[in-house]
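Please read them with the structure open beside you.

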Amino acid sequence: MKRKSLTLEQKKAWYGVLFASPLIIGMIMLFLLPLIQSFRFSLSSIHIVESGFATEYKGFTNYISLFTSNPDYPRSLTESVAHMLVNVPIIIIFSLFAAVLLNQKFRGRSIARAIFFLPVILASSAIANLDISSFVGGTAMSGGGDGGANLLQSFELKKMLLESGMGPAIVDYITGAVDRIYEIISSSGVQILIFLAGLQSISPSLYEASKIEGATGYEIFWKVTFPMMTPLILTNLVYSIIDSFSSNKINTLISQTAFKTFDFGLSAAMSWVYFIIVAIILFVSTALISRKVFYYD
Amino acid sequence: MRVQAARMGEWLSRKSPQEKAKLWTWIAVRTLLILGFCYIILFPLFLRISVAFRSKVDIYDPTVLWIPRHFTLENLQLAISATKYGSALLNTFLISSTTTIIQLATCALAGYAFARLKFKGSGILFALVIFTIVVPPQTIMIPLYLTYRYFDLFGILKWFTEKGHVNLIDTFWPFLISSGTAMGLKNGLYIFIFRQFFRGVPKELEEASLVDGAGIFKTFYRIILPNALPAIVTVLLFSFVWQWNDSYYVSLFLSKVKVLATQLTDMGPALGKEPDPVYQSMLLNTGVLLMMAPLIVLYLFVQRYFVESVERTGLVG
């Protein structure tokens, strides 16, 4: 019995298929087929019948009714997208700043890092986020006073910034960010991690060289650290946009349409419109940023 | 005069008070900022803990700020009974731990295949993996639900059961199947992390092991995996925590089986007989605390290891 033996490369390729086989099955069964099916659903109406479900082709009526007769959808769609567009830049700027801070040497650094990553553990669930705001409101009402102090702070800040001659739009943006600081911090845990990992991978020789040339700390940040961080800014941008899916209004609306009113077709149409808009945002923002991205190698 | 000036100059260049002042200002500002951010992160947690032990009288007492005057465990007891904490905790723990371990295995295998065992079409498959990260989970929500509701495994089950499908909703099977096929919660991200890490492992290590007569599989689990500890720790913690906190998939697949995340959303109605809304939100807060408590304990133990390992994960590639 003689079998033609495989070369190492061929053998490796077969092992590769073997290693990836669970993924391949899952990809087909739990991703590609559902994706196609979901698109078909969005073009039809679905009834649950005895032996499963029946679909009836209806063309683009679901999509049309979304924008003509549905009262909630356009509003929550614009709200979610606006929320995302406002928050993502702040999250990225804040997490880069925090990563630079945490990358420096100081006493208690490991404790500070542990605390900064705590939101990764705690705040990723939507319920936890939702509840604390209502609760803090509750204490303020009953005389806790913390909420009141917070309000005052950003009011003062607003006055100060306006007096220094900044445009009102920018001032509103900044003070809004200050008011939502907990939300911002709690959703930037993973981004801080990614930036921190990136900062550590910058070769120290670059810093040494620029120090010898006489660059100040400010210059070093903008001429060395920032360019080296641009690929990660791209990564974090994509991550933050995707992360904002997990808890927003449109998400609950889609689930409710599916499992409260059992309008599967409409819900599928909703999610497809949402997906296409998100894809456009991702595409445009990556195209804009990737022109500025600097790759060291 | 000249000597004095020279001395002065020397003193300035040696001690450089201007530079020092700058440095110290920066240190002060930095400390202030870090303390401020830490305060913002920790404040809600401490508030929750402090509130959880307050009795009803203390809510409306403005002089009670941090330390409850009437210390009580009543809230805790109420929250535990309203969420059926014991069984929910057990279910959550079972789901999180099993999916974590299975996901770890499948994602590591797939990541290794993408990094080192290239085959025809592996590039396209990897692009699809990235695509799964980008597609919002809501888009495939209904078909996914129906897949598990009328589960037929590509029509194979028709040969074994009469109906041709089985109902897997309200069992743990959806979680086991999706993590067993590397399609669970955020698995695309884990595959990406593993691929990036395995690409950074020196090729010579692998070649040496192959030359020494180990098979490809043996090389993987004896040589490559022990070297990938940072990536493993990162994925382990991420997947455990995200599965624990996830309320989307559990509410999709489980309606009768109770886990912590769904119990918390149902807790409001369960407390319906409690008329005071402030007290109700206080109980809800205690429930949230109960849900987070095991994670906090876990984090206290692995935190140091986690922070160190993430930096070396090659998350950055």
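1. Over the face of which ring does B:R195 lie? In this predicted model, B:R195 is placed over the face of B:F126, at 4.1 Å from the ring centre. A lysine is arranged over a ring as well, for B:K186 lies over the face of B:W242, at 4.1 Å from the ring centre.

2. Over all chains, the structure holds 29 aromatic pairs. One of them joins A:F19 and B:F217, whose ring centres are 5.8 Å apart and whose planes stand at 85 degrees, so the pair is edge-to-face. This pair crosses between chains, running from helix 1 (residues 8-42) of chain A to helix 11 (residues 216-227) of chain B. A:F19 is buried, with a relative accessible area of 3%, whereas B:F217 is partly exposed at 41%.

3. A further pair that crosses between chains links A:F31 in helix 1 of chain A to B:F131 in helix 6 (residues 122-134) of chain B. The ring centres of A:F31 and B:F131 are 6.0 Å apart with the planes at 85 degrees, so this pair too is edge-to-face. A:F31 counts as buried at 3% relative accessibility, and B:F131 as partly exposed at 32%.

4. One aromatic cluster includes A:Y15, A:F19, B:Y112 and B:F217 among its members.

5. Please also look at B:D246, in the loop between helix 12 (229-245) and helix 13 (248-253) of chain B. B:D246 is buried yet has no salt bridge, and the nearest side chain of opposite charge, B:K186, is 8.9 Å away. The side chain of B:D246 does, however, reach the backbone nitrogen of B:Y249 at 3.1 Å.

How values were computed. Residues are numbered from 1 along each chain as its sequence is written. Chains are lettered from A and ligands numbered from 1 in the order in which they are written. This is a predicted model: local features need pLDDT of at least 70, side-chain atom pairs count only at pLDDT 80 or more; totals for chains, interfaces and linings use all residues. Side-chain values use heavy atoms; hydrogens and water are left out. Helices (H or I, at least four residues) and strands (E, at least two) are DSSP runs, numbered from the N terminus. Buried means under 20% relative accessible area, exposed over 50%, partly exposed in between (1.4 Å probe, protein chains only). Lys and Arg count as positive and Asp and Glu as negative; His and the chain ends are not counted. A salt bridge is a side-chain nitrogen of Lys or Arg within 4 Å of a carboxyl oxygen of Asp or Glu. A polar contact is a pair of N or O atoms within 3.5 Å; within protein, one must be able to donate a hydrogen and the other to accept it, and residues adjacent in sequence count only if both atoms are side-chain atoms. Rings of Phe, Tyr and Trp (its six-membered ring) pair if their centres lie within 6.5 Å; planes under 30 degrees apart count as stacked, over 60 as edge-to-face and the rest as tilted. A charge sits over a ring if NZ of Lys or CZ of Arg is within 6 Å of the ring centre and within 35 degrees of the ring normal.
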